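Dear colleague,

I am passing on the structure that you asked about, together with some notes on what came out of it. Please look it over first and then read on.

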Amino acid sequence: MGFGDYPKEYSYELHGSYDPAKYYGPKDTPFGQVKLGELGAWFGRRQKTPQAVASAISRAWWRYQHKYIFPKRTTVAPFFQITFAGMAFFYWLNYDRIKHHKNYKYH
């Protein structure tokens with residue numbers, strides 16, 4: 001599988017038109033339904049290659065866009081999410097200068 005190709009598990013005859021937000025690999029238990037004792041085996045079944053990580057990030061990005069950006073009547077939620085993410089990022093960048101301004105009790 002090269003850069004920009006369809007996943008090897010994808011088949012047009014079986015799946016229909018390609019959806020970049022869908023995982024076409026083998027079905028597995030969703031993470032929210034995994035019991036604590038089964039967590040190690042669940043992580044063991046995951047691919048740990050850089051391409052698998054990039055594919056997971058790409059699917060998450062497409063799912064976000066399908067839910068918040070692409071609908072005809074979207075809300076202000078994506079703008080608030082981007083604003084909050086920017087505020088958290090810049091707080092993290094400036095934390096070394098801000099941490100000296102804590103309120104202390106002097107008694």
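Asp 96 counts as exposed, at 54% relative accessibility, where exposed means over 50% relative accessible area, buried under 20% and partly exposed in between, all with a 1.4 Å probe and protein chains only. Its partner in a salt bridge is Lys 99, with 3.8 Å from N to O, and Lys 99 counts as partly exposed at 33% relative accessibility. A salt bridge is here a side-chain nitrogen of Lys or Arg within 4 Å of a carboxyl oxygen of Asp or Glu.

Before going further, please keep in mind that this is a predicted model, in which local features need pLDDT of at least 70 and side-chain atom pairs count only at pLDDT 80 or more, while totals for chains, interfaces and linings use all residues. Residues are numbered from 1 along each chain as its sequence is written, and side-chain values use heavy atoms, with hydrogens and water left out.

By the salt-bridge rule, the count comes to three. Arg 45 forms one of them with Asp 28, the closest N and O atoms being 3.1 Å apart. This pair links distant parts of the chain, since Arg 45 sits in the loop between helix H2 (39–44) and H3, and Asp 28 in the loop between helix H1 (12–15) and H2, 17 residues apart. The side chain of Asp 28 also meets that of Arg 46 in a salt bridge, at 3.0 Å from N to O. That pair, too, links distant parts of the chain, with Asp 28 in the loop between H1 and H2 and Arg 46 in the loop between H2 and H3, 18 residues apart. As for accessibility, Asp 28 is partly exposed, with a relative accessible area of 31%, and so are Arg 45, at 49%, and Arg 46, at 29%. Returning to the Lys 99 and Asp 96 pair, which meets at 3.8 Å, the remaining point about salt bridges is that shared partners join Asp 28, Arg 45 and Arg 46 into one network.

Leaving aside neighbours within four places in sequence, Arg 59 is in contact with Pro 20, Ala 21, Lys 22 and Tyr 23, where contact means heavy atoms within 4.5 Å.

Two further residues of helix H3 may be worth a look in the viewer. Gln 65 lies in helix H3 and counts as buried, at 12% relative accessibility; not counting residues up to four places away in sequence, Gln 65 touches Phe 70 and Pro 71. Ser 55 is also found in helix H3, and counts as partly exposed at 23% relative accessibility. The C-alpha atoms of Ser 55 and Tyr 23 are separated by 9.0 Å, although the two residues are 32 apart along the chain.

In the loop between H1 and H2 you will find Pro 30, which counts as partly exposed at 44% relative accessibility. Pro 30 and Trp 42 are twelve residues apart in sequence, and their C-alpha atoms are 9.5 Å apart in space.

Finally, some notes on the chain as a whole. The protein chain has five helices and zero strands, both being DSSP runs numbered from the N terminus, with helices (H or I) of at least four residues and strands (E) of at least two. The radius of gyration of the protein chain is 21 Å, whereas a compact globule of 107 residues would have one near 13 Å; this radius is taken over C-alpha atoms, and the globule rule is 2.2 Å times the number of residues to the power 0.38. The C-alpha atoms fill a box of roughly 75 × 45 × 30 Å, taken along the principal axes. Buried residues make up 10% of the 107 residues. Among contacts between residues at least 6 apart in sequence, 27% join residues at least 24 apart.
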